[in-house]
Amino acid sequence: MAMREPAPFETVVPVIDIAALFGTDAAAKATVARRIAAACREVGFFCITGHGASTEASARVFDEAKRFFALPEGTRRTVRLNRLHRGYIPQGITTQLRMDAQRVDDSGRVGRVTRPNQSHSFIIGTELGPEDPEVMAGTRLHGPNQWPDAVPGLRPAMLAYQADLYRVGAALLHGFALSLGLAEDALDSFYEKPLTHLRVLDYPPMPEDADAFGAAPHTDIGAITILTQDGTPGLEVQLPDGTWISAPAPAGALGVNCGDMMERWSNGQFHAARHRVVNPTDTHRYSMVFLYDPSYRTVVEPLPALTRERPPGYESVVYGDHLARRMEATYDYDAL
C-alpha cells in the first residue's frame, strides 16, 4: 500500500486547554472557542487537555478490553454486533466509505469503495432499560448493551469512562457553539437525549507492505468524536489540501474530530476531518472512540445564523434515520 510519509502533527494540529469550558469566565471561554474555530476551519482535528477525564479510568478500560480481545473468537462472538449497534465487531469487516471528487482514496479512485478494516472492536451505547420510552417504542439504535460474561470487569470500566466522556462532550458542545458565533447553549436542544457510542478497538500488527488499513480513510458520520489513544502511532488525518499528517495525542490529551454533522451545521465553515489508521508492524495498538452525537429525531441542517451571507450548502437530514441507514448499509448484522 503506497502512501506518502505523513507530516509531523505538532506543526499543524493544535493542543487546546478546554478547562475554561467547565467554568464561568466568558472571556476565557471565548479564547478557547476561537482556537476551536481555527482548528476546525484549518484541520478538522485537534487535541484537548484540561478535559477532566480520568486517565486511570481509561487505563482500566484498556486493561479489561485486552482481556476480552484475548478470548477465543467464538467466545467474543457470543456478544457479536446486533441491530442496536452494540457488541463485538470482528476483524476484516468491510466498511463502505463515502467518497466524492474531493475525497478520493490513495489509489486515486473516485466513488463508493470498500476495503476490509484490520481491527476488531467492542462497542456500547447509552445503557437503556426496557422501561425507556424509546426502547418501548422500538426506536432504532435504542436498547440495552451486551456484556461478555467472561470479562465481568469490562462493564463497570466502560460505563465509568463513558460517564467521564459525557461531561467532556457536553463541554465541547458549548465550545463548538461559541466557536460558530452562537450562544453557548445554542446546540443544547439537539442533545436532549444524545446518541452516543463508546468503542474500544484493537489494531493487531501488520506487515509494513500490507495492502490494508486498520481503519480505511473516512469522515465521521456524527458531530463530535473524542479519541483516547494508547500512545502507539497509527492515526493519520488528511488536511484540506490532501496532505496526510500523523496525529498522535500528547500524554494525557484526547483527540477531537469534527464530524459530518458539525460540518453541516456550520454550513461548510468547519471541515469534517478525513482520517485513517495504519496498523503498527510490531505491536497491538489500542484506542477508544466516543461518538457524542445528536438525539435521534434531531433535524440537522445549516444553522440559520450561518446562512444569512452564504446560501445553505447541505440538505436537511434526520440524524437518527441517517445514522441507522449508514450502519445498516455498512454492516451485515446477520453474517457477523
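1. Let's start with Ser 266, which sits in the loop between helix H6 (260–265) and strand E13. Is Ser 266 buried or exposed? Ser 266 counts as buried because its relative accessible area is 0%; buried means under 20%, exposed over 50%, and partly exposed in between, with a 1.4 Å probe and protein chains only.

2. Before going on, keep in mind that this is a predicted model, where local features need pLDDT of at least 70, side-chain atom pairs count only at pLDDT 80 or more, and totals for chains, interfaces and linings use all residues. Residues are numbered from 1 along each chain as its sequence is written, and side-chain values use heavy atoms, leaving out hydrogens and water.

3. Who does Ser 266 meet? Setting aside residues up to four places away in sequence, Ser 266 touches Leu 180 and Leu 306, where contact means heavy atoms within 4.5 Å. Ser 266 and Ala 177 are 89 residues apart in sequence, yet their C-alpha atoms are 9.7 Å apart in space.

4. Take the contacts between residues at least 6 apart in sequence: 80% of them join residues at least 24 apart. The chain holds seven helices and 16 strands, and 55% of its 336 residues are buried. Its accessible surface comes to about 14200 Å², with 52% belonging to carbon and sulfur atoms; such areas come from the Shrake-Rupley method with a 1.4 Å probe.

5. Leu 141 is worth a look. You'll find Leu 141 in the loop between helix H4 (133–137) and helix H5 (154–179), and Leu 141 counts as buried because its relative accessibility is 4%. Beyond its neighbours within four places in sequence, Leu 141 is in contact with Arg 83, Leu 84, His 85, Arg 86, Leu 195, Gly 320, Leu 323 and Ala 324.

6. Now check the backbone. Most residues other than glycine have a negative phi. Leu 141 has a positive value, near 70 degrees, and His 85, which Leu 141 contacts, has a positive phi near 60 degrees. His 85 lies in the loop between helix H3 (73–76) and strand E3 (87–89), and with a relative accessible area of 5% His 85 is buried.

7. On to the aromatic rings. How many aromatic pairs are there? The count is 13, where rings of Phe, Tyr and Trp (its six-membered ring) pair if their centres lie within 6.5 Å; planes under 30 degrees apart are stacked, over 60 edge-to-face and the rest tilted. Phe 68 and Phe 69 make an edge-to-face pair, 5.5 Å centre to centre with 65 degrees between the planes, and both residues are buried.

8. Phe 68 also pairs with Phe 122, this time tilted, at 5.2 Å centre to centre and 55 degrees between the planes. This pair links distant parts of the chain, 54 residues apart: Phe 68 is in helix H2 (residues 55–69) and Phe 122 in strand E6 (residues 120–125). Phe 122 is buried at 0% relative accessibility. Elsewhere, Tyr 166, Phe 190, Tyr 191, Trp 265, Phe 290 and Tyr 292 form one aromatic cluster.

9. A cavity is a set of points on a 1 Å grid where a 1.4 Å probe fits but cannot get out, and lining residues have an atom within 4 Å of a point. Of its 40 lining residues, the closest to the centre are Arg 199, His 218, Asp 220, Val 289 and Tyr 331. Elements giving two or more residues to this lining include strand E7 (194–203), strand E14 (285–295) and helix H7 (319–330). Which element gives the most to the lining of the largest cavity? That is E14, with six residues.

Terms used:
On a 1 Å grid over the protein atoms alone, a cavity is a set of points where a 1.4 Å probe fits but cannot get out, and a pocket is an open set with protein on both sides within 12 Å along at least five of seven lines; lining residues have an atom within 4 Å of a point. Helices (H or I, at least four residues) and strands (E, at least two) are DSSP runs, numbered from the N terminus.
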